[in-house]
Amino acid sequence: MVGELVGAASGVLAAPLLRAASARYAVPYGEPWRAPGAPGGPGLLPVGLVAAGTGAAVGAAARWPILLPLAWVAVFGVVLAFVDAAVNRLPDALTLPLFLGAALLLVLTEHQGAVLLRCLYAALALGACYGALALLAPMGFGDAKLAPTLGAVLGWYGWSTVLAGFWYGFVLAALWGGAQLLARRMKGGDAVPFGPCMLLGALLAVLLR
């Protein structure tokens with residue numbers, strides 16, 4: 001219970017910074033980043049609620065040495081989820097430092113070579129799967145750039161968690177898209193922001209492993 005409380009409190013404290021980052025990067029492709037303090041972007045309350053819930057989940061699920069990589073992904077994941085939900089975009093300015101930071105933290109905190117090798121293979125596997133989907137199906141290349149990070153972190157837990165995170169993302173996307181269609185908030189040809197589903201699917205896989 002202590003981990004959940006600490007995680008939730010950390011999310012609440014980080015909410016203003018996460019909201020500012022979400023507002024800055026939630027712009028359509030080709031437009032400049034939003035200046036600090038400029039109107040637009042998500043409200044502080046929804047960001048705070050998501051950040052607190054994510055922090056509580058990480059606090060409940062994480063243990064050393066995966067704690068720091070998982071927390072790093074959670075921080076960026078909150079921002080990426082709001083950006084993708086707003087503009088259907090996962091910008092390189094977020095996915096690249098997310099990947100580099102997660103890889104560095106995994107290397108610094110995990111000292112078993114076999115585990116690190118599995119994380120590498122999982123990153124390559126998910127990256128290849130989503131890369132193929134981006135080429136052959138209506139999937140964004142931003143999703144393909146997010147996938148290796150999620151694969152690396154899920155790979156720490158094992159291949160069953162990697163597979164679960166992969167499938168949970170698609171199930172959540174189908175459920176969300178169906179709900180939006182029933183509510184007439186989307187049309188049949190509209191794209192479903194897949195980044196939030198990938199992130200939530202990965203988190204569920206960690207929680208339910």
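What is the handedness of the crossing of H5 and H6? In this predicted model, the crossing of these two helices is right-handed. Helix H5, which covers residues 113-136, packs against helix H6, residues 141-157, at an angle of about 155°, and their axes are 7 Å apart. Because angles over 145 degrees count as roughly antiparallel, H5 is described as roughly antiparallel to H6.

On the H5 side, the residues that make this contact include Val115, Arg118, Cys119, Ala122, Ala123, Leu126, Gly127 and Tyr130, while those contributed by H6 include Phe141, Asp143, Ala144, Ala147, Pro148, Gly151, Gly155 and Trp156. Sorted by class, the contact of H5 with H6 comprises 16 nonpolar, four polar and two charged residues.

One of the H6 residues in that contact is glycine 155, and it can be followed individually. Glycine 155 is buried, with a relative accessible area of 0%. When residues up to four places away in sequence are not counted, glycine 155 touches Arg118, Cys119, Ala122 and Val162. Glycine 155 and alanine 86, for their part, are separated by 69 residues in sequence and by 29 Å in space, taken from C-alpha to C-alpha.

Threonine 149 is likewise found in helix H6, and with a relative accessible area of 0% this residue is buried. Leaving aside neighbours within four places in sequence, threonine 149 is in contact with Val73, Leu98, Phe99 and Ala102.

Leucine 70 and aspartate 143 are 73 residues apart in sequence, and their C-alpha atoms are 18 Å apart in space.

The axes of H5 and H7 come within 10 Å and cross at roughly 25°. With angles under 35 degrees counting as roughly parallel, H5 and H7 are therefore roughly parallel to each other, and H5 passes H7 in a right-handed crossing. By class, the contact of H5 with H7 has 11 nonpolar residues, no polar residues and one charged residue.

Tyr130, Phe166, Trp167, Phe170 and Phe194 form one aromatic cluster, and the count of aromatic pairs comes to 10. A pair of aromatic rings is described by the distance of the centres and the angle of the planes. For tryptophan 167 and phenylalanine 170, the ring centres are 6.4 Å apart and the planes are at 55°, so this pair is tilted. Both residues lie in helix H7, residues 159-182, where they are three residues apart, about one turn of the helix. Phenylalanine 170 is partly exposed, with a relative accessible area of 25%.

Conventions:
Residues numbered from 1 in each chain as written. Predicted model: local features only at pLDDT ≥ 70, side-chain atom pairs only at ≥ 80, totals over all residues. Heavy atoms only, no water. Axes fitted to C-alpha atoms, helices over the stretch in contact; angles between N-to-C directions. Helix = DSSP H or I, 4+ residues; strand = E, 2+ residues; numbered from the N terminus. Parallel < 35°, antiparallel > 145°, perpendicular 65-115°, else oblique. Left-handed = near helix turned anticlockwise from the far one by under 90°. Contact = heavy atoms within 4.5 Å. Nonpolar A, V, L, I, M, F, W, Y, C, P; charged D, E, K, R; others polar. Phe/Tyr/Trp six-rings, centres within 6.5 Å; stacked < 30°, edge-to-face > 60°. Buried < 20%, exposed > 50% of the residue type's maximum accessible area, 1.4 Å probe, protein only.
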